[in-house]
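Please keep the sequence and the coordinates in view while reading.

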Amino acid sequence: MWRGRRLVQALGRSPALAARGRPLGPGGGRAYAPPAERKRFYQNVSISQGEGGFEINLDHRKLKTPQAKLFTVPSEALAIAVATEWDSQKDTIKFYTMHLTTLCNTALDNPTQRNKVQLIRAAVKFLETDTLCYRVEEPAALAELQKKEWDPIVTWAEKRYNVAIGSSTSIMGPNIPASTRDTFISHLASYNMWALQGIEYVITQLKSLILSMGLIDRHITVEKAVLLSRLEEEYQIQRWGNVEWAHDYDLCELRARAAAGTLFVHLCSESSTVKHKLLQD
């Protein structure tokens with residue numbers, strides 16, 4: 001058994017946080033919304049290899065997608081991770097905690113019916129509203145904080161991909177060169193469809209293509225990426241305080257989603273199988 005910003009403000013704040021707090025799926029739309037909870041109906045979880053890939057078994061039942069397709073994933077490592085999600089559920093199945101399962105369902109059912117080119121262009125379009133590209137002029141302390149924390153990541157991305165990005169205090173944002181978009185399109189094209197679903201998912205969580213690529217490239221940690229994506233919120237919280245428990249919950253949830261999306265990308269980018277070693281209790 002496997003164990004395993006906000007609404008746009010009138011004077012030029014970034015629209016990249018407009019949807020903060022809403023769990024978005026790939027494409028910026030709502031992800032699959034299964035029932036929040038369900039009583040656990042199985043005892044054991046296992047994986048098996050079929051013709052189309054690796055399958056998840058709940059006792060003797062094969063897991064299916066919301067569209068009743070056979071739940072089949074391309075790598076054994078991903079199957080183990082998904083099986084661990086199902087096995088870690090207690091008396092009640094809390095679907096909202098099963099981010100890898102949701103991402104697999106999205107990749108298998110492709111509810112928005114988009115192809116690879118459309119997925120890539122949707123991801124690159126986030127550059128137009130990238131959180132790190134939108135800066136404030138005042139208060140001076142926040143402007144300085146953005147410069148200190150965000151500039152190094154933008155500089156890294158410009159050097160890493162040999163592109164020009166920049167930043168702006170205008171509500172229109174910086175003027176992103178067409179060559180920059182083309183470079184990111186070319187880079188993302190190296191990923192398969194499954195990984196692209198994960199990349200777009202991470203981008204929608206962080207509201208930043210730059211942060212997402214830094215995270216996926218292992219340049220920054222999940223904790224750092226989430227902190228940078230919430231820089232303005234954290235500044236306001238330190239100044240005015242926060243709603244007790246709500247801030248910590250939102251922070252943990254965002255970390256979990258970003259981490260799951262990043263793991264999903266890496267597991268979908270590897271074709272090798274893992275050594276068969278059952279995880280003992």
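The largest nonpolar core contains 73 residues, and the members that touch the most others are Ile56 and Trp86. A nonpolar core is here a set of buried Ala, Val, Leu, Ile, Met, Phe, Trp, Tyr and Cys residues joined through side-chain atoms within 4.5 Å. Buried denotes under 20% relative accessible area, exposed over 50%, and partly exposed the range in between, with a 1.4 Å probe and protein chains only. At least three residues of this core come from each of domain 1 (43–107) and domain 2 (114–267), the bounds being those of an automatic or database domain assignment. Leaving aside residues up to four places away in sequence, Ile56 touches Val45, Ser46, Ile47, Arg61, Lys62, Leu63, Phe71, Ala79, Val82 and Ala83; contact requires heavy atoms within 4.5 Å.

The model is a predicted one, in which local features need pLDDT of at least 70 and side-chain atom pairs count only at pLDDT 80 or more, whereas totals for chains, interfaces and linings use all residues. Residues are numbered from 1 along each chain as its sequence is written, and side-chain values use heavy atoms, with hydrogens and water left out.

Helix H2 spans residues 99–109 and includes Asp109. Helices are DSSP runs (H or I, at least four residues), numbered from the N terminus. Because 10 of its 11 residues are buried, H2 is largely enclosed by the rest of the structure. Among these buried residues are His99, Leu100, Cys104 and Asp109. After H2 comes Asn110, with a positive phi near 45°.

A salt bridge requires a side-chain nitrogen of Lys or Arg within 4 Å of a carboxyl oxygen of Asp or Glu. A polar atom of the Asp109 side chain does, however, lie 3.0 Å from the backbone nitrogen of Gln67.

Side chains of opposite charge can pair when their charged atoms come close. The structure holds 10 salt bridges. One of them joins Lys147 and Asp151, whose closest N and O atoms are 3.5 Å apart. These two residues are separated by about one helical turn, because they stand four residues apart in helix H4 (residues 140–161). Lys147 is partly exposed at 48% relative accessible area, and Asp151 is partly exposed at 23%. Together with Arg135, Lys147 and Asp151 are linked in a network of salt bridges.

Glu128 and Lys125 also form a salt bridge, at 3.3 Å from N to O; Glu128 is partly exposed, with 32% relative accessibility. Arg230 and Glu234 meet in a salt bridge at 3.2 Å, and both of these residues are buried.

Two further positions relate segments that are separated along the chain. Ile171 lies in the loop between H4 and helix H5 (178–188) and is partly exposed, with a relative accessible area of 38%. Its C-alpha atom is 9.7 Å from that of Val136, although 35 residues separate Ile171 and Val136 along the chain. Ala256, in helix H10 (residues 246–268), is partly exposed at 30% relative accessible area.

Methods:
A polar contact is a pair of N or O atoms within 3.5 Å; within protein, one must be able to donate a hydrogen and the other to accept it, and residues adjacent in sequence count only if both atoms are side-chain atoms.
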